[in-house]
Amino acid sequence: INKLVDEMRIDLAGKADVYTLHHYCKMVLHKKRGEFELKAYLSKIIESDATLLDLGLSDFDSKFQRLEEGDAIEFFIKRGEYYGAVCFNDCLYRLLSLIRADSNHIPTHDLILIDEFQDFNPLEVAIIEALEQKANIVIVGDDDQAIYAKREASPEHIRKLWLRTDYEKFNLPYCNRCTEVIVKATKAIIEAAQANKNLQGRIKKRYECFMEKKVDDSQAFPKIISIQVPLLNAVTKFIDK
């Protein structure tokens with residue numbers, strides 16, 4: 001991700017600022033409350049403290065990500081103050097707390113562009129909901145590409161946005177990574193899965209091969225002879241005729 005940020009900064013040549021969400025929140029928090037150390041391993045240290053004190057508190061990162069406010073987060077914040085450090089999730093939560101206490105702490109921007117929103121967790125979503133109060137905002141994502149459930153992310157957040165009437169929707173249906181036969185196979189799998197009552201709640205969308213990029217490859221590889229998908233009950237074989 002950091003490599004992608006570096007590449008985008010070069011491509012944009014100063015026309016816009018580029019950050020990961022965590023680094024953006026760290027920058028804003030520094031401006032609001034002064035310098036502090038960001039330590040990725042802080043949650044491990046504080047979890048050890050809770051164990052030594054026999055408090056029965058653990059799983060701090062998940063509690064931050066799910067916004068489960070209570071004894072665990074309160075203990076974490078106090079220990080973070082003691083160490084003079086924050087971790088990634090703690091950094092986001094502290095900024096969110098500042099914004100909740102005083103909306104004047106919400107940064108102002110002309111436009112914010114958010115990518116990969118399907119991989120955001122409730123804490124990150126709450127930050128975006130705060131930022132949208134004082135900025136035009138563009139959110140990009142695909143609920144079919146959600147891959148971070150283990151860090152409390154959910155495609156339901158982008159699905160809820162899709163249903164909101166205060167957001168204008170735009171479709172980006174063209175795929176320039178895959179040949180035409182792969183796109184057709186994918187569409188067939190999705191249709192079969194939906195016929196089997198799977199993919200409930202999914203945002204309906206088009207997938208089309210961007211032939212300007214893939215015309216030569218599509219002509220060179222026009223068929224899938226046979227593909228086995230043992231973990232998908234809806235479709236176990238696809239043959240393109």
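Across the whole structure, a search finds 24 salt bridges, a salt bridge being a side-chain nitrogen of Lys or Arg within 4 Å of a carboxyl oxygen of Asp or Glu. The model is predicted, so local features need pLDDT of at least 70 and side-chain atom pairs count only at pLDDT 80 or more, while totals for chains, interfaces and linings use all residues. Residues are numbered from 1 along each chain as its sequence is written, and side-chain values use heavy atoms, with hydrogens and water left out.

**First stop: Arg-66 and Glu-152.** Select these two residues, whose side chains meet in a salt bridge at 3.0 Å, N to O. The pair links distant parts of the chain, 86 residues apart, with Arg-66 in helix H4 (residues 60-66) and Glu-152 in the loop between E4 and helix H8 (156-163); helices (H or I, at least four residues) and strands (E, at least two) are DSSP runs, numbered from the N terminus. Arg-66 counts as partly exposed at 29% relative accessibility, and Glu-152 also counts as partly exposed, at 22%. On this scale, buried means under 20% relative accessible area, exposed means over 50%, and partly exposed lies in between (1.4 Å probe, protein chains only).

**Next, Gln-65.** Staying in helix H4, select Gln-65, which is buried with a relative accessible area of 8%. Leaving aside neighbours within four places in sequence, Gln-65 is in contact (heavy atoms within 4.5 Å) with Asn-89, Asn-121, Pro-122, Leu-123, Arg-151 and Glu-152.

**Then helix H8.** Select Arg-159 and Glu-156, whose side chains meet in a salt bridge at 2.6 Å, N to O. These two residues are three apart in helix H8 and therefore separated by about one helical turn. Arg-159 is buried, with a relative accessible area of 14%, whereas Glu-156 is partly exposed, with 36%. Extending the selection to Asp-142, Asp-143, Asp-144, Arg-202 and Lys-205 shows the network of salt bridges in which these residues are linked with Glu-156 and Arg-159.

**A further pair.** Select Glu-208 and Arg-206, which form a salt bridge with their closest N and O atoms 3.7 Å apart. Glu-208 is partly exposed, with a relative accessible area of 24%, and Arg-206 counts as partly exposed at 48%.

Select strand E3 (residues 111-114), where Ile-112 and Ile-114 make up the covered face and Leu-111 and Leu-113 the uncovered one.

**Last stop: helix H2.** Select residues 21-33, the 13 residues of helix H2, which reaches 18 Å from its first C-alpha to its last, close to the 18 Å expected at 1.5 Å a residue; the expected span is 1.5 Å times one less than the number of residues. The buried residues of H2 are Leu-21, His-22, Tyr-24, Cys-25, Val-28, Leu-29 and His-30, and they pack against helix H6 (88-101) and H7. Just after H2, select Gly-34, which takes a positive phi of about 90°.
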